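Good morning, everyone. Please take a look at the sequence and the model on the screen.

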Amino acid sequence: MKAVFPGSFDPITSGHMDVLTRASRIFDSVTVTVMHNARKQGRHLFTLDERLDILHKATGHLENVGVDSFGGLLVDYMAQEQKGIILRGLRAVSDYEYELQIAHLNRQIGEVETVFIMAATRWSFVSSSMVREIASYGGDIREMVPRASADALRVKYADVYDERERTSAMTAAPRE
């Protein structure tokens, strides 16, 4: 059975990777699909091409996982690509309420089933938006994202990280 794991992945987190890795053991193939909306252009930290590049690097070790993008209704993508299942990760009960509505809509308009996989407890607090915010202050996000995301965030916020490292080095230097 073929599954699609849709999202904005701006950037992909360790929670996403946890769900994806576990799903890759359940499904014959999983396609991570960056859903993009022309009306939301400019609202993402990473461009579509950057997100696709990060995803390719982060998922390269998973043999039955592919990466794609689509700019329309998810149910249209599912029909076009002949995919069977929408895969969604859940972190908390609050995610479930929103995702349940979307699952019902997708079933209603596209006759597509949704399967939910709970993210491991250790990732239940991690979201892409929180990771972006921490990185924007030069914080350590290496545990919260795969290396490809951490490297890309380091490049995006190079000035902040460089300043933080300079400040840290100055305070660590012995005083005479």
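Some ground rules. This is a predicted model, where local features need pLDDT of at least 70 and side-chain atom pairs count only at pLDDT 80 or more, while totals for chains, interfaces and linings use all residues. Residues are numbered from 1 along each chain as its sequence is written, and side-chain values use heavy atoms, with hydrogens and water left out.

Start with the whole chain. It has seven helices and five strands. These are DSSP runs, numbered from the N terminus: helices are H or I with at least four residues, strands are E with at least two. From the N terminus, the order reads β-α-β-α-β-α-β-α-β-α-α-α. The C-alpha trace spans about 70 × 35 × 30 Å along its principal axes.

How many of the 176 residues are buried? The share is 42%. Buried means under 20% relative accessible area, with exposed over 50% and partly exposed in between, using a 1.4 Å probe and protein chains only.

Now contacts, meaning heavy atoms within 4.5 Å. Take those between residues at least 6 apart in sequence: 73% of them join residues at least 24 apart.

Next, the sheet. Strands of a sheet pair through backbone hydrogen bonds, either parallel or antiparallel. Here, five strands form an open sheet with parallel pairing, in the order β3-β2-β1-β4-β5. Two strands pair if DSSP finds at least two bridges between them. From one strand to the next, the twist averages 35°.

β2 (residues 29-35) and β3 run parallel, joined by six bridges. V34 has S69 in β3 as its bridge partner.

On to the helices. Helix α3 (residues 74-81) lies across β1 (2-7), β2, β3 and β4 (85-90), at about 125° to β3. Helix α4 (residues 93-110) packs on the sheet too, touching β4 and β5, and makes about 160° with the direction of β5. For these angles, axes are lines fitted to C-alpha atoms, for helices over the stretch in contact, and values run from 0 to 180 degrees between N-to-C directions.

Last stop: D10. Find it in the loop between β1 and α1 (14-26). Is D10 buried or exposed? D10 counts as buried, because its relative accessibility is 2%. Leaving out residues up to four places away in sequence, D10 touches H44, L45, F46, R51, S128 and R132.
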